[in-house]
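Subject: Handover of a structure and summary of findings

Dear colleague,

Please find below the structure that I am handing over to you. My findings follow it, and I would be grateful if you could read them with the model open.

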Amino acid sequence: CFRNWFAKAGWLDPVCALYFGTLYNPSKYLDLNFLTLVQAVEAYHRRASDETDKPADQHEARMKAIIDTAPPAHCDWLKEKLQYSNELSLRRRLKILFAQFSYLLDDAIPDRKAMIGAICDNRNYLTHYNASLRGRSATGARLLLMVEVLKLLLQACFLRELGFSEIRIKEFL
């Protein structure tokens, strides 16, 4: 476990800073705790997985086709806007992580799709303040549940990185 932790400490450090910062110095504002944990989950998956929306060659071809058809005056702007366009969305990252830890989460979260949707909608509302998402934003017990689910997910990720088996992770959590 210690060997795994020290071997992975460099790339896990930003994730741990977000997680442990929330755990040991929680904000009195639940929204802030939620956003910090969502960022930690996203940062973890981005570091732990090299998966992209499309294979690099397909994405490059897609980008070239798009940029080649754009007016020359807008090409630099478009390239900047599309810089991260091959990254997975938060929703897709959560689907992957929820599936990887289904042995742990399925009992606690009967409707995985609804939980993932609620986390994404809430993050998007709080981050972008999209008025159309206001009615789907969470407060109170519902927001607290999302915070606890994100903590559980991160704890499972950390334990897996330490080298624990699914059985041990489930026992611990």
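The notes below begin with the chain as a whole and then turn to individual residues.

Overall description

Please bear in mind that this is a predicted model. The protein chain contains nine helices and zero strands, so read from the N terminus its elements are simply α-α-α-α-α-α-α-α-α. Along the principal axes, the C-alpha atoms occupy a box of roughly 55 × 45 × 30 Å. Of the 173 residues in the protein chain, 38% are buried.

Aromatic residues

The count of aromatic pairs in the model is nine. One of them joins Tyr 19 and Phe 20 in an edge-to-face arrangement, with 4.8 Å from centre to centre and 75° between the planes. Phe 20 also pairs with Tyr 24: the ring centres are 6.0 Å apart and the planes meet at 10°, which is under the 30 degrees required, so this pair is stacked. Phe 20 and Tyr 24 are four residues apart in helix H1 (residues 2-24), and therefore about one helical turn separates them. In general, an α-helix has 3.6 residues a turn, so residues three or four places apart point the same way.

Tyr 19 has a relative accessibility of 4% and is buried. Phe 20, at 33%, is partly exposed. Tyr 24, at 63%, is exposed, because the cut-off for that class is over 50%. Tyr 19, Phe 20 and Tyr 24 belong to one aromatic cluster together with Trp 5 and Phe 158.

Thr 22 in helix H1

Helix H1 also holds Thr 22. With a relative accessibility of 6%, Thr 22 is buried, because it falls under the 20% cut-off. A polar atom of the Thr 22 side chain lies 3.0 Å from the backbone oxygen of Leu 18. Beyond its neighbours within four places in sequence, Thr 22 is in contact with Asn 33, Thr 36 and Leu 37.

The buried residues of H5 are Leu 90, Arg 93, Leu 94, Ile 96, Leu 97 and Phe 98. You will note that an arginine, Arg 93, is among them. The cover over the buried residues of H5 includes helix H2 (30-48), H6, helix H7 (112-128) and helix H8 (140-162).

Phe 101 sits in the loop between helix H5 (90-100) and helix H6 (102-105). Is Phe 101 buried or exposed? Its relative accessible area is 1%, so Phe 101 counts as buried. Setting aside neighbours within four places in sequence, the residues in contact with Phe 101 are Leu 153, Ala 156, Cys 157 and Arg 160. Phe 101 and Arg 160 are 59 residues apart along the chain, and their C-alpha atoms are separated by 9.9 Å.

Two further loop residues

Asp 111 is located in the loop between H6 and H7. Its relative accessibility of 45% makes Asp 111 partly exposed. From Asp 111 to Glu 42, the distance is 21 Å, C-alpha to C-alpha, and the two residues are 69 positions apart in sequence.

Tyr 129 is found in the loop between H7 and H8. Although Tyr 129 is not a glycine, it has a positive phi of about 45°. The relative accessible area of Tyr 129 is 57%, so this residue is exposed.

Yours sincerely

Notes. Residues numbered from 1 in each chain as written. Predicted model: local features only at pLDDT ≥ 70, side-chain atom pairs only at ≥ 80, totals over all residues. Heavy atoms only, no water. Helix = DSSP H or I, 4+ residues; strand = E, 2+ residues; numbered from the N terminus. Buried < 20%, exposed > 50% of the residue type's maximum accessible area, 1.4 Å probe, protein only. Phe/Tyr/Trp six-rings, centres within 6.5 Å; stacked < 30°, edge-to-face > 60°. Contact = heavy atoms within 4.5 Å. Polar contact = N/O pair within 3.5 Å; in protein donor to acceptor, adjacent residues only side chain to side chain.
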